[in-house]
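Please read the following report alongside the sequence and the coordinates shown here. It takes up the sheet and the helices around it in turn.

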Amino acid sequence: MFSRILLATDFSEQAEQAYPWAARLAVSNKGKIILMHALEDDLVATAPVFANYMAPGALDLGNYREEFRAGARKALESAADQLRALGAEVETMLVEIGKPSKAVVATAKECACSVIVISTHGRGGLAHLLLGSTAEKVVRMASVPVLTVHEGDQAPDCGEAQA
């Protein structure tokens, strides 16, 4: 049923909570996870996310964007390793096509995914109003089902799916 699962990540702790859900879907449906990250247009805003994956001196303006790409690729491989440890087959994609919500929806369509798995940060009030919600936008725009994972959701037992 869900042979191609798009798992969108921003590499946050909240995003990692969605990994076991995507792995369980993939393993139980003998499917494949397309693990994607949308590289933000505003690279300054995402600098702290990739700090551990970037070379010293990466903020040299001549290498700035390429260092972010390299950091994102390394972060994707690290996340893919976590998913593989849960028994899932994984392909990674780094996408640079505008806003993350639009990138997720476009990638799901382009890759013929049958479901999107994405975490929600649970922001409310003013933060939600000012920042918006990528997950909410994805739910509104997607043409396939979207599984949203909230902070504190009990992770499925991925081991049972392999039995």
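What follows describes a predicted model, beginning with the sheet and moving on to the helices.

The model contains an open sheet of 5 strands, which are arranged in the order 3-2-1-4-5 and pair in the parallel sense. Strand 3 (89–95) and strand 5 (146–149) form the edges, each of them pairing on one side only, and from one strand to the next the twist averages 20 degrees.

Within this arrangement, strand 1 (residues 4–8) is joined to strand 4 (residues 115–119) by parallel pairing over 3 bridges, and in this pair Leu6 stands opposite Ile116 of strand 4.

## Helices packed on the sheet

Helix 4 (residues 64–85) packs on the sheet through contacts with strand 1, strand 2 (32–38) and strand 3, and its direction makes about 160 degrees with that of strand 3. Helix 7 (residues 134–141) also packs on the sheet, where it touches strand 4 and strand 5, and its direction makes about 160 degrees with that of strand 4.

Helix 5 spans residues 100–110, and its buried residues are Pro100, Ser101, Ala103, Val104, Val105, Thr107 and Ala108. An α-helix has 3.6 residues a turn, so residues three or four places apart point the same way.

The cover over the buried residues of helix 5 includes strand 1, strand 2, strand 3 and strand 4 of the sheet, together with helix 7. After helix 5 comes Ala112, for which phi is positive, near 55 degrees.

Note on methods
Residues numbered from 1 in each chain as written. Predicted model: local features only at pLDDT ≥ 70, side-chain atom pairs only at ≥ 80, totals over all residues. Heavy atoms only, no water. Pairing = 2+ DSSP bridges. Helix = DSSP H or I, 4+ residues; strand = E, 2+ residues; numbered from the N terminus. Axes fitted to C-alpha atoms, helices over the stretch in contact; angles between N-to-C directions. Contact = heavy atoms within 4.5 Å. Buried < 20%, exposed > 50% of the residue type's maximum accessible area, 1.4 Å probe, protein only.
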